[in-house]
Amino acid sequence: MDKHNMENHLIFIFKTFRFRSLIFFLCLPNATTTCILATEQIEIEVSETAGIRRFNHPTTMTFNLTESVSEETSFRLLDNGQPIEAQFRSEGSHRERLRWWLDFPTSLLPYETKRFTIEYGSDVPAGPERKSGHKLTQTDDAYQITNAPWITWTIRQNLQGLIHSVNYNRAEQLRPSSNGLMMIDRDGKPHPLYGENGSETVGRVLRDGPQAVGLQFETTSTKPGLRGVYSIVDLHFPVSRSWIEIDWRVVDPKGKADTLALELDLALDEPTSQSPTLVDFGAATLVYSVLRPGQQAALEGPSLVQDQDPSTSSKHMWSVSRGPANNLQPFVVAPLDSDRNAEGWAHIMDRQWCGALAMDGFGRHAQDHIRLSAEGHVSLQRSYDSQQNSSATNTEKRFRVWLHFIPFPPQHGAATSPQSMQNPLEVRVIDVTKR
């Protein structure tokens, strides 16, 4: 071998040794992030459990990796071996990429189950992602989630009013008077949940992308009557639906909060006798009615309905009442021997817009109600009895609701039903392998 070839051979050996040494160093157990050379696979299963056909339904899951991965690690989602649109976002910092969010659309027949494969690693091509959709913008005092040109949500960083604005097709859906999330203490005093008057609210972004945006807010109350009560509020915005999922968890070991509530004022047209507000309730059957000026209607479950004797009342699985605000009268009442809970959703409508709202687990574990007024006031409440509140084991309360803003009528304007919101597709990990 001549001198020139010998030098080239030695340079090649040196570069190869240096590259392999670098890979060895990066893959050391004590390195900040793990170098994933092999392809990791996670098999997941998505199930429709409510008997409702889903079309491009927003599907969400979180999964944990056994080791943190570098920022350059690629992810993709496979359906029968073919990459499909999906959004992968890590919840932690660059040094703690262990918990991940996956958002993607799924179409399923009633009770159908499908399997998908998550692949990630240094040799995995990045999967396709939605090119347009939600865009998150942060200002000094608010978050804005925009899916141009259709809808823009504005959430104040102190969570005042819960939703400051919903602008849908250039029409504002809310009035500025909304109270938002509230806790009612043992003495019946309401306390709005936002970063003023004795509490501080801290917000952060859980995930941000065109497919979905997630925000989280934490508050510890220092107000008299609720001192030490801790709240976590998660807000989820899927791109394919004009709804928001609100998941409010309250750690309250001493049972200081008797009731959790959400109050909003929808910007409906003023009702008249000739053009009343329309309402639907999802009880164990559909209950519909009209509300003229000054009237309200409420779905409650379980409920106490006054008997013919004013001094007595009977317990029912659920009831719908209607009338003037200070004198609601039974309208539809479940049979005394009914074993069917109310579904726990409602529509409130003028002739342009419809607000669809739903509660999770309506009437199963607490006293729940949905109250609607002709003028567009919406109140959702979950109340716990005092004996249950005093129990040492009752440390966490959960209030999970959905709000959907759509054109009237909902049968034409909505891409889904309230029952679909209440019953998200179930996703679970079934296998983890390495190739």
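Which residues have the most contacts inside the largest nonpolar core? Select Leu-215, Leu-235, Leu-262 and Phe-281, which hold that place in a core of 63 residues; a nonpolar core is a set of buried Ala, Val, Leu, Ile, Met, Phe, Trp, Tyr and Cys residues joined through side-chain atoms within 4.5 Å, and buried means under 20% relative accessible area with a 1.4 Å probe, protein chains only. Apart from this core lies another, of 19 residues, among them Ile-44, Val-69, Leu-108 and Ile-118.

The model is predicted, so that local features need pLDDT of at least 70 and side-chain atom pairs count only at pLDDT 80 or more, while totals for chains, interfaces and linings use all residues. Residues are numbered from 1 along each chain as its sequence is written, and side-chain values use heavy atoms, with hydrogens and water left out.

Next, centre on Leu-235, whose contacts (heavy atoms within 4.5 Å) beyond four places in sequence include Ile-155, Leu-159, Phe-217 and Glu-245.

Then select Val-124, in the loop between strand E7 (113-121) and strand E8 (135-138), strands being DSSP runs of E of at least two residues, numbered from the N terminus. Val-124 is buried, with a relative accessible area of 4%, and, leaving out residues up to four places away in sequence, touches Thr-39, Ser-74, Arg-76 and Glu-119. Show the C-alpha atoms of Val-124 and Arg-76, and they lie 7.7 Å apart, although the two residues are 48 apart in sequence.

Definitions and conventions:
Helix = DSSP H or I, 4+ residues; strand = E, 2+ residues; numbered from the N terminus. Buried < 20%, exposed > 50% of the residue type's maximum accessible area, 1.4 Å probe, protein only.
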